[in-house]
Amino acid sequence: MSRRPLGLRARLTLTFAMVSALVAVAVAGISFAIVRGDTWRSNIEQASREARVHLEDAAATLPLEPTAPQLRRFLTQVRARSTAEVVATLGDRTLTTAPRFTAAQVPDVVRGPVANGRVVAQRTTAGGEPVIVVGGAVVPTGPELYLFFPQQRTGQDLSRLAAVLAATSGALVVVSAAVGAAAASGLLRPIARTRAAVRSVAAGDLDARLEVEGDDELAELARAFNAMTAALRRNIGELRELEAGQRRFVSDVSHELRTPLTALTTACEVLEANTDGLTDAGRRAARLVVVESRRLAALVEDLMEISRMDAGAAEVTLERVDVTRGIAGALRSRGWDGDVQVRGDDDGVTVLMDARRLDAIIGNLVGNARTYGGPPVVVTVRSSGDDVCVDVTDHGDGIAPHHLQRIFERFYKVDRSRSAGGTGLGLAIARENARLHGGELTVVSQQGDGTTFTLRLPRRAAA
C-alpha cells in the first residue's frame with residue numbers, strides 16, 4: 001500500500017485553504033468585474049449627458065459656419081464649465097483645448113457614427129491616460145466636437161479596489177487555513193483515541209472502550225467499536241472455555257487410559273516373549289498388537305505431556321547442563337551414536353535447563369531426521385551472540401514449503417499414509433519444551449538438499 005506524503009491534518013488544512021482560495025478568487029473576481037463594469041458604464045453615461053448639453057449649447061450659440069475665433073471662444077467656455085478637454089473639427093480646421101489631445105486620437109468607432117450625425121461615447125487611452133471620448137456634430141453640416149473626459153482617478157480607484165480585494169482574499173485564505181487546522185485537530189482527536197483503542201485490542205486488551213460523545217458519526221463509530229470489542233471478548237471467552245474444556249477432556253481421557261494401557265503393554269510384552277507355540281499368522285497378529293499398543297501408549301504419554309504444558313503445569317527442573325554431553329547422552333541412550341555426527345565449535349558450553357527436556361527435544365529431532373530424512377544426520381552445537389543453538393540436519397529430500405508452514409501443528413503429518421509411526425505431537429512438544437526455557441525451535445528446508453531444525457536457547461540462562 002502506497003503511503004501518502006502528507007498526514008490527514010495537513011491534507012485537511014490544505015483542502016480548507018484551497019477551497020477558500022477558490023471561493024475568494026471567484027468572489028473577488030466577480031465583484032471587481034461588476035464594480036468595474038458599473039463604474040465605467042456610469043462614467044460613460046455621465047460623460048454622454050454632459051456632452052449632449054454642450055452640443056445643444058453649441059447648436060444654440062454658434063452660427064452654422066462659425067469662424068475659428070468663435071469656435072475657440074466656445075471651446076474655452078466649455079473647458080471652463082467642464083473637466084473635459086475638447087477637440088473641434090470643421091472641414092480641415094482642428095481646434096483643441098489641450099495639445100495632448102488631437103483629432104487623430106479619436107477612435108474610428110467614434111469618428112464614423114459622428115459623421116452620420118450620431119453622438120457616440122467610447123472608453124480608450126489617449127496621451128498615455130485613460131479617457132472617455134464622446135463625439136457629436138453640432139449640426140449635420142456644422143463642426144464636430146470630441147470631448148475627452150480624463151479617467152485617471154477612476155483607474156486609480158479601480159486599482160485600489162483590486163488591491164483591497166486581493167489582500168482580503170489572501171487574508172481569507174490564511175484564516176481559512178487556520179480554521180481548517182483547528183477543525184482538523186478537533187476531528188483527529190477522536191481518531192487518535194480510536195487508533196489507540198484499536199492498538200490496545202490488537203495487543204490483547206479486550207476491555208478497551210471508546211468514550212461516546214454526542215450523536216454524530218464519530219459517536220456512532222465509537223458505539224460500533226465498543227459493540228465489536230464486547231462481542232469479541234465474549235466470543236474469545238467462549239472459545240477459551242471450550243478450548244479449556246477440550247484440554248481437560250483430553251487430559252482426563254489420557255489419564256484414564258494410562259493405567260489400562262500400562263497393563264496392556266505389559267501383557268503384550270509377555271505375549272511377544274512367548275510366541276513359540278503360535279502359528280505364523282498368530283505371531284504376526286501378536287507382533288501387530290505389541291506395536292500398536294506401544295504406539296497407543298506413546299500417544300497417551302504425549303497427550304498427557306502436552307496437556308500439562310497447555311495447563312502451565314509442566315515440571316521444569318533447572319540444572320547446569322553441558323549441551324554437547326547432553327546430546328551425546330541422548331544419542332547413546334537410543335543407540336544412535338554410531339550413525340549420527342555431533343559437531344561443536346564451543347566445547348563445554350552449558351545452559352541452565354531441564355536435562356530431561358533437552359533429551360526429549362534431541363530424541364524427537366534426531367529420530368525424525370533418521371526416519372523421514374536422509375543420512376548423514378549431523379547435530380551441530382554453536383554459540384550465536386546471546387544464544388546457544390543446536391542444529392539437527394539431515395540430507396534427505398527436504399520438506400515442501402506448504403508442509404513447513406504447518407510442521408509444528410499438533411497431529412500434522414507430512415505424509416499421512418506413512419505407517420512408520422509417530423503420534424504427530426513430537427515436534428509440537430519439542431517446540432513447547434524450547435519455549436519453556438525461553439528459546440525457540442525453527443526449521444528450514446530446501447527440497448533436494450535436506451532439512452535443518454534449529455533449537456535456540458538463550459545464553460542468559462547459561463550457568
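I began with helix 7 and found the exposed residues Arg325, Arg332 and Ser333 on the face turned away from its buried side. Exposed means over 50% relative accessible area, buried under 20%, and partly exposed in between, with a 1.4 Å probe and protein chains only. Helices are DSSP runs of H or I with at least four residues, strands are runs of E with at least two, and both are numbered from the N terminus.

I note that this is a predicted model, in which local features need pLDDT of at least 70 and side-chain atom pairs count only at pLDDT 80 or more, while totals for chains, interfaces and linings use all residues. Residues are numbered from 1 along each chain as its sequence is written, and side-chain values use heavy atoms, with hydrogens and water left out.

**Helix 7**

I listed the buried residues of helix 7 (residues 323–333): Val323, Thr324, Ile327, Ala330 and Leu331. They cover an arc of only 125° around the axis, so they sit on the same side of helix 7. The arc is taken from the directions from the helix axis to the C-beta atoms. An α-helix has 3.6 residues a turn, so residues three or four places apart point the same way.

I then asked what covers the buried residues of helix 7. The cover includes strands 6 (319–322), 7 (340–344), 8 (350–353), 9 (377–384) and 10 (387–394), as well as helix 8 (355–372). Contact here means heavy atoms within 4.5 Å.

I checked both ends. Asp322 caps the N-terminal end, with a side-chain oxygen 3.1 Å from the backbone nitrogen of Thr324. A polar contact is a pair of N or O atoms within 3.5 Å; within protein, one must be able to donate a hydrogen and the other to accept it, and residues adjacent in sequence count only if both atoms are side-chain atoms. Gly335 follows helix 7 with a positive phi, near 75°.

I traced an open sheet of 5 strands in the order 7-9-10-12-11, with mixed pairing. Strand 7 and strand 11 are at the edges with a single partner strand each, so one side of each has no neighbour in the sheet. Neighbouring strands are turned by 15° against each other on average, direction ignored. Two strands pair if DSSP finds at least two bridges between them.

Strand 7 pairs with strand 9 in the parallel sense over 5 bridges. Val342 stands opposite Val379 in strand 9. Strand 9 and strand 10 run antiparallel, joined by 7 bridges. Thr380 is opposite Asp391 in strand 10. These two strands form a hairpin with 2 residues between them, and Gly385 in the turn has a positive phi of about 60°.

I also placed helix 8: it lies across strands 7, 9, 10, 11 and 12, at about 25° to strand 10. Axes are lines fitted to C-alpha atoms, for helices over the stretch in contact, and angles run from 0 to 180 degrees between N-to-C directions.

**Helix 10**

The buried residues of helix 10 (residues 426–436) include Leu427, Ile429 and Asn433. The buried residues of this helix pack against helix 6 (280–310), helix 8, strand 11 (440–446) and strand 12 (450–458).

**Cysteines and Ser169**

How many disulfides are there? I count 0, taking a pair of cysteine sulfur atoms within 2.5 Å as a disulfide. Cys268 is buried at 3% relative accessible area, and Cys389 is buried at 6%.

Ser169 is in helix 4 (residues 152–202) and is buried at 12%. A polar atom of the Ser169 side chain lies 2.8 Å from the backbone oxygen of Leu165. Leaving aside neighbours within four places in sequence, Ser169 is in contact with Ala24 and Ala28.
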